[in-house]
Amino acid sequence: RAHDIGHDIDDKRFGHEITLVFAKVIVGLFGRNQALVDGAGNQRVHRVAWPERREGDGRAEPRPFAADRENDRVQIFDGDGKYETQIVNMHRPSALAITGRHRPDCIVGELMSYLPVNRLTPNLGPRVSVFGQAGKLLGRLDQGKGPGLQPGQFVSPHSIALDSAGDMYVGEVAATDWLAVFPDTPVPAQLGRFQKFKRVSA
């Protein structure tokens, strides 16, 4: 649903007031009591209102993160939707998850280029990258072989989730994006949509 900037929405489906924060694209679910609704189709991002933080209750001020795909960055905002900073050194971020720590890490699913001029350029994805709060790259998961169907390879990562054990799940729109990634290869009859990565250490 598209809404104009500055309008509040009383949405009974969520049971909360939904307030528009900023006009940007792509994804989100951030923190225990906040969520950003996907704005990729209509260039709008909404904030689901969370309980007001009380002094001394131990909860950190919520900081929405927004994957800004076509500008190759993740933007970070304060609880009122004011821009604070950004994380760069990524390519077309299209999936985003935040780890549940005091200073959480940012896990980003990146797409490769779909343009003929640079589609085969190395080190642009698809991959999953982990960044610290200061924007430092902590690690990447991609096998170093470009797009593919082997474990640890990706076609088009578009969703990332973590469970209570710390295991990570990566969902892909592999069928939809297949011909953009592999324009000369027919879509396989059996095409995976999810990969699970098991946490092996603290």
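Housekeeping first. Residues count from 1 along each chain as its sequence is written, and side-chain values use heavy atoms, with hydrogens and water left out. In this predicted model, local features need pLDDT of at least 70 and side-chain atom pairs count only at pLDDT 80 or more, while totals for chains, interfaces and linings use all residues.

Start with the sheet. It is open, has three strands in the order β5-β6-β7, and pairs antiparallel. Strands here are DSSP E runs of at least two residues, helices are H or I runs of at least four, and both are numbered from the N terminus. Two strands pair if DSSP finds at least two bridges between them. The edges are β5 and β7 (83-87), each pairing on one side only. From one strand to the next, the twist averages 25°, with axes fitted to C-alpha atoms and angles running from 0 to 180 degrees between N-to-C directions. Four bridges join β5 and β6.

Buried means under 20% relative accessible area, exposed over 50%, partly exposed in between, with a 1.4 Å probe and protein chains only.

Now the helix. Which residues of α1 are buried? In α1 (174-181), they are A174, D177, W178 and V181. Down the axis they fall within an arc of 140°, so they line one face; the arc takes directions from the helix axis to the C-beta atoms. Their cover includes β12 (157-162) and β13 (168-172), counting contact as heavy atoms within 4.5 Å.

Last, the rings. There are three aromatic pairs. Rings of Phe, Tyr and Trp (its six-membered ring) pair with centres within 6.5 Å; planes under 30 degrees apart are stacked, over 60 edge-to-face, the rest tilted. F77 and Y83 are edge-to-face, at 6.1 Å and 80°. F77 is buried at 5% relative accessibility, whereas Y83 is partly exposed at 40%. W178 and F182 are tilted, at 4.4 Å and 40°. Both W178 and F182 are buried.
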